[in-house]
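Please keep the sequence and the model in view while reading.

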Amino acid sequence: MAKAEASVSELVEMIKRGELRLPEMQRQYVWRSTRVRDLMDSLYRGYPSGAILLWETDGGVPLREFAIEQTGI
């Protein structure tokens, strides 16, 4: 498995171009707004953020949208 590094802005651009999508098997979004805030703060400060596992396939895969409705913020 190849290892690559990408900035948050590069990942966002990949999403916009449709190169990075969530498979339907991905679990539901479970983070509270405080955890999202803390992650954004860590990214802003340049702290390491861990790993993202990517699955590349030529086959058809049911997909899910990235958009998450935010309520109570």
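**Charged pairs and helices**

Glu13 and Lys16 both belong to helix H1 (residues 8-16), where 3 residues, about one turn of the helix, separate them. Helices here are DSSP runs of H or I with at least four residues, numbered from the N terminus. The model is predicted: local features require pLDDT of at least 70 and side-chain atom pairs pLDDT 80 or more, while totals for chains, interfaces and linings use all residues. Residues are numbered from 1 along each chain as its sequence is written, and side-chain values use heavy atoms, with hydrogens and water left out.

The side chains of Glu13 and Lys16 form a salt bridge at 3.7 Å, N to O; the term denotes a side-chain nitrogen of Lys or Arg within 4 Å of a carboxyl oxygen of Asp or Glu. An α-helix has 3.6 residues a turn, so residues three or four places apart point the same way. Glu13 is partly exposed at 35% relative accessibility, whereas Lys16 is exposed at 63% (buried is under 20% relative accessible area, exposed over 50%, partly exposed in between, with a 1.4 Å probe and protein chains only).

The structure holds 4 salt bridges. One of them joins Arg17 and Glu19 at 2.8 Å, N to O, and Glu19 is partly exposed at 48%.

Helix H2 (residues 33-45) contains 13 residues and reaches 18 Å from first to last C-alpha, close to the 18 Å expected (1.5 Å times one less than the number of residues). Within H2, Asp41 and Arg45 lie 4 residues apart, about one helical turn, and their side chains meet in a salt bridge at 2.9 Å, N to O. Asp41 is partly exposed at 33%. Just after H2, Gly46 adopts a positive phi of about 85 degrees.

Methods:
Helices (H or I, at least four residues) and strands (E, at least two) are DSSP runs, numbered from the N terminus.
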